[in-house]
Amino acid sequence: VHPATDTIAAIATAPGTGGIGIIRLSGPEALSLLRLHFLPYKSSTAYTSHRLYYGTVITARGQVLDEALAVYMRAPHTYTREDVVEFHCHGSYVVLQEVLRVLLESGARPAEPGEFTKRAFLAGRIDLTRAEAVVDLLQAQTEKSAHLAVHQLQGALYEHLQGIREGLIHILALLEVAIDFPDDDVEIVQHDEVLARLQSQVLDPLTQLLAMADQGRIIRDGIKVVLAGQPNVGKSSLLNTLLQEERALVTPSPGTTRDTIEERFTLHGIPVHLIDTAGIRPHEDPVEALGIERARQKVQQADLVLFLVDASVGLAEAEWELYDSLRDKPHLVVMNKCDLASVQRLNDLRDQFPGTRVATISAKHQEGIQELLEAIYAQVIGESSELYEQMTCAPNTRHRSILTKTLTACTSLEAAMRQRAPVDLLAVEVQSALDYLGDITGVTTADEVLDL
């Protein structure tokens with residue numbers, strides 16, 4: 001990879017006021033810009049790499065902009081493998097913008113979003129999976145998602161892919177030997193051995209990675225949980241209880257919630273996007289009608305629907321119609337107000353939902369809430385709970401698409417081998433799978449992917 005000819009600069013810390021704000025430069029002119037715009041209190045003609053210097057940031061005319069620390073990091077021992085300079089200034093937005101302005105006027109250019117990491121990838125310091133992990137770490141919403149991003153940054157996904165790649169390369173080598181020596185009396189390609197290797201080193205790991213991708217989406221993006229039901233069944237009370245705050249107004253009058261209320265909380269490392277909706281019922285009030293229509297839309301977009309029922313009165317015919325409209329979506333039946341219902345009524349209601357997970361709660365008295373949370377978790381994670389707990393990497397949506405193509409190519413390879421197809425055709429399938437894996441790590445990735 002050819003080195004960059006320009007020097008980029010950007011504010012590296014988050015917007016807002018803080019004790020410290022960092023401006024980072026990377027490129028061939030980084031050291032020159034440091035010498036031009038930083039005056040150390042102890043005069044020095046040379047900067048030692050990876051050492052902090054105390055002084056002032058100045059304009060080209062010598063005007064003092066801030067009292068700061070500066071560090072010079074010599075290539076290739078830097079994040080981008082270029083010369084890197086950082087100014088550690090006071091965290092004033094005005095000060096940081098002024099320092100950045102004078103650096104740009106002196107020849108640096110503004111860094112594009114993610115360009116420091118892009119340069120690290122292009123310089124070969126990190127592969128594309130690690131570059132994407134940086135984004136995941138910055139956007140992590142929970143401890144679990146941050147934990148997975150760190151593992152991926154350390155190469156967890158890359159190592160999984162390398163194991164698959166090595167298995168395919170070994171198979172390809174055997175096939176190419178058979179292609180090079182077609183007249184040999186000895187069968188060089190041992191089909192049983194190759195099939196066993198294909199299954200254990202390629203197909204099984206690919207299947208596991210795709211399962212991790214499903215869980216990875218949940219860990220990164222979270223789930224949308226919609227509270228649905230008729231008015232006055234306790235949806236807003238449940239929202240307040242789950243959030244442990246009075247987020248929604250609760251009154252004895254039905255129809256208090258006329259629009260959706262959306263909040264977030266974390267459940268065992270999973271971000272939960274909780275949506276309280278208007279009670280769904282026929283109504284002539286145009287405002288309430290809009291809220292009901294929006295509620296129906298949210299139900300269709302939900303990853304999980306909590307269908308609330310007032311256990312003290314049972315289900316009306318209109319509620320059954322509502323339940324029929326959502327029974328094909330992942331859902332839980334939540335029987336609220338259990339403190340007002342007899343044991344017999346609760347049992348009778350539960351019997352009306354055979355094969356469906358049912359939770360019994362009192363949102364008002366916070367009874368059964370922990371059991372409901374565990375039911376939500378079990379519904380979302382399902383049989384993948386052990387995988388979820390042991391995950392060390394989480395392929396993203398792009399990875400999943402490519403892994404699916406890789407698995408398709410390898411499945412075709414397996415079928416062709418069982419049919420004793422010509423070895424040159426088998427080699428094409430193996431090479432196709434290897435090319436797909438290269439798209440994930442960045443070996444053969446198109447430029448537009450790098451700019452995302």
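Strand β1 (residues 8-11) pairs with β7 in the parallel sense over two bridges, and Ala9 stands opposite Pro110 in β7. Here two strands pair if DSSP finds at least two bridges between them; helices (H or I, at least four residues) and strands (E, at least two) are DSSP runs, numbered from the N terminus. This is a predicted model, in which local features need pLDDT of at least 70, side-chain atom pairs count only at pLDDT 80 or more, and totals for chains, interfaces and linings use all residues. Residues are numbered from 1 along each chain as its sequence is written, and side-chain values use heavy atoms, with hydrogens and water left out.

**Sheet and hairpin**

Both strands belong to an open sheet of seven strands with mixed pairing, ordered β3-β4-β5-β6-β2-β1-β7. At the edges stand β3 (38-40) and β7 (109-110), each with a single partner strand, so one side of each is left without a neighbour in the sheet.

A further pairing is that of β9 with β10, which form a hairpin with two residues between them. In the turn, His268 has a positive phi of about 50°. Ile261 stands opposite Asp276 in β10. The two pairings are set out below.

| Strands | Sense | Bridges |
|---|---|---|
| β1 (residues 8-11) and β7 | parallel | two |
| β9 (residues 261-267) and β10 (residues 270-276) | antiparallel | seven |

**Largest pocket**

The largest pocket has a volume of about 1,300 Å³. Of its 44 lining residues, Gly114, Ala131, Val134, Val135 and Leu138 are the closest to its centre. On a 1 Å grid over the protein atoms alone, a pocket is an open set of points where a 1.4 Å probe fits, with protein on both sides within 12 Å along at least five of seven lines; lining residues have an atom within 4 Å of a point. Elements that give two or more residues to this lining include β1, α3 (115-122) and α4 (128-138). The largest share, seven residues, comes from α4. By class, the lining holds 23 nonpolar, eight polar and 13 charged residues, where Asp, Glu, Lys and Arg count as charged, Ala, Val, Leu, Ile, Met, Phe, Trp, Tyr, Cys and Pro as nonpolar, and the others, Gly among them, as polar.

**Helix α3**

Six of the eight residues of α3 are buried, so this helix is largely enclosed by the rest of the structure. The buried residues (under 20% relative accessible area, 1.4 Å probe, protein chains only) are Glu115, Phe116, Thr117, Arg119, Ala120 and Phe121.

Key:
Grid points are joined across faces, edges and corners, and a volume is the space filled by probe spheres set on the points. Buried means under 20% relative accessible area, exposed over 50%, partly exposed in between (1.4 Å probe, protein chains only).
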